[in-house]
Amino acid sequence: MSRIFINYRRQDSEGYVGRLYDHLTLHFERNDVFMDVDDIKPGADFVKTLEDAVSGCDVFIAVIGPQWIHSANDDGTRRLDDWNNFVRIEIASAIRMNKVVIPVLVGRARMPAHKDLPEDIAALARRNAFELSHQRFGADMMNLVEAIRAVPSSFAKPPIDATALREKEAALKQVRLDLVGATDSPLYQFRTENRLFPVLGEGSANANIMFIGEAPGKAEAQQGRPFIGPSGEILAEMLKSISLKREDVYITNLLLDRPSEDRDPTLEEIAFYTPFVDRIIDIIQPSVIATLGRFAMEYLLKRLGVTEKKGKISELHGKLMKATLPYGEIHVVPLYHPAAVLYSPTQKEMLKTDFQKLKLFI
Ligand code: URA
């Protein structure tokens, strides 16, 4: 699933861009096509905001019209030469992040020469351009759509062979055995006295997307499977909204045994179970972990040293954050816990919107 960012200069190509956007949204989902970074909050670092917006795309379209290269401010200085020009910042970010950058020429514009571009966007001149002509707009668009479709999502995981998959499955089995036999667990006695099962997790051993919830509930511990009660129904609905099934992802929890009542996890429990969770992450090596609820979010952001770690879930939900693990780059998206949205249609809509972020990883 490719996500598309349209970069353009309003005075230069607005008419074409409207048509381009309408056509693209016939072939891609509306949520996957971005054209204006709005909502830059007062006091926010706008360069960082623009970089963040560009970092979420797979394909960056730089629309170049006839005035693009010469467009000037009131004092006659060329807009492209301003360090704080949005068009320039976005293109420079896309080039630096190695995005697929496609210059799209409209209104009979020509491709700018290397020497006419500021240093940080000079590499644009080497990108193969696409021409969108007025007369052949439909046919040109079809070619552009095909070119975009050929670009893989930058965060998709390459498939692994059957042997490597079996190794991962065996490693997960070992974690489960270790958990079953961990008699020093703070919840071991409660588990055995109540004939409950530990809940390691469920899904693909090579999933690209992993969910970490809070702790198994009663139904989950009776069956040894995560998220099978009412929260699980919400999770399944959310997964369906981005065309995924449970078996496409991996679902686990911060605590791998049911706490004695439906209460918050204690520090002792978190400290005991999270080394098991870390082992699961190391085996599966997902590109993104979606935390469900405050506890999993707090643990993971702290563990990964993410700078926003002190934020509240109401501020951080739906935000894509980057970190590094020994196996490579990883992203975290904090999400509300499905149980929290059970009785709130507004929060449920928010959760659905936040789930869209995960499409980058499909
Ligand atoms: N809530 C969770 O956090 N995890 C489950 O598995 C079920 C409900």
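What follows is a conversation about a predicted model of a protein with a ligand.

Biologist: What does the protein contain in terms of helices and strands, and what box do its C-alpha atoms fill?

Modeller: The secondary structure comes to 13 helices and eleven strands. The C-alpha atoms fill a box of roughly 80 × 45 × 40 Å along the principal axes.

Biologist: How many of the residues are buried?

Modeller: Of the 362 residues, 37% are buried. A residue is called buried when 20 or more other C-beta atoms lie within 10 Å of its own.

Biologist: Why is strand β3 called mostly covered?

Modeller: Strand β3 spans residues 59-64, and six of its six residues are buried. Each of them therefore has at least 20 other C-beta atoms within 10 Å.

Biologist: What makes both faces of β3 covered?

Modeller: In a regular strand the side chains alternate between the two faces of the sheet. Val59, Ile61 and Val63 are on one side of β3, and Phe60, Ala62 and Ile64 are on the other. These residues are all buried, on both sides.

Biologist: Which sheet has the order β2-β1-β3-β4-β5?

Modeller: That order belongs to an open sheet of five strands with parallel pairing. Its edge strands are β2 (33-34) and β5 (130-131).

Biologist: Why are β2 and β5 called edge strands?

Modeller: Each pairs on one side only, so each is an edge strand.

Biologist: How do you know that β1 and β2 pair?

Modeller: Strands count as paired if there are at least two bridges between them. Strand β1 (residues 4-7) and β2 have two bridges, so they meet that cut-off, and they run in the parallel sense. Isoleucine 4 stands opposite valine 33 in β2.

Biologist: What joins β3 to β1 and to β4?

Modeller: β1 and β3 pair in the parallel sense over four bridges, and phenylalanine 5 stands opposite phenylalanine 60 in β3. Six bridges join β3 to strand β4 (residues 100-105), again in parallel. The chain crosses from β3 to β4 through helix α3 (residues 86-96).

Biologist: Why is this β-α-β crossover called right-handed?

Modeller: With the strands pointing away from the viewer, the path from β3 over helix α3 to β4 runs clockwise, which means the crossover is right-handed.

Biologist: How do you know that β4 and β5 pair?

Modeller: β4 and β5 have two bridges, so they reach the cut-off of at least two. The bridge partner of leucine 105 is glutamate 131 in β5.

Biologist: What is the order of the sheet of six strands, and why are β6 and β10 its edges?

Modeller: The six strands form an open sheet in the order β6-β8-β7-β9-β11-β10, with mixed pairing. β6 (202-203) and β10 (321-325) each pair on one side only, so they are the edge strands.

Biologist: How many bridges join β7 to β8?

Modeller: Four bridges join strand β7 (residues 209-213) to strand β8 (residues 250-253), and the two run parallel. Methionine 210 stands opposite tyrosine 250 in β8.

Biologist: Which helix lies across β7, β9, β10 and β11?

Modeller: Helix α10 (residues 294-304) lies across these strands, running at about 140° to β9 (288-292).

Biologist: Which residues are around the ligand?

Modeller: Among them are Gly213, Glu214, Glu220, Phe227 and Asn253. The shell divides into five nonpolar, four polar and two charged residues.

How values were computed:
Residues numbered from 1 in each chain as written. Predicted model: local features only at pLDDT ≥ 70, side-chain atom pairs only at ≥ 80, totals over all residues. Near = placed C-beta within 6 Å. Nonpolar A, V, L, I, M, F, W, Y, C, P; charged D, E, K, R; others polar. Buried ≥ 20, exposed ≤ 12 C-beta atoms within 10 Å, placed from the backbone. Contact = placed C-beta atoms within 7 Å. Axes fitted to C-alpha atoms, helices over the stretch in contact; angles between N-to-C directions.
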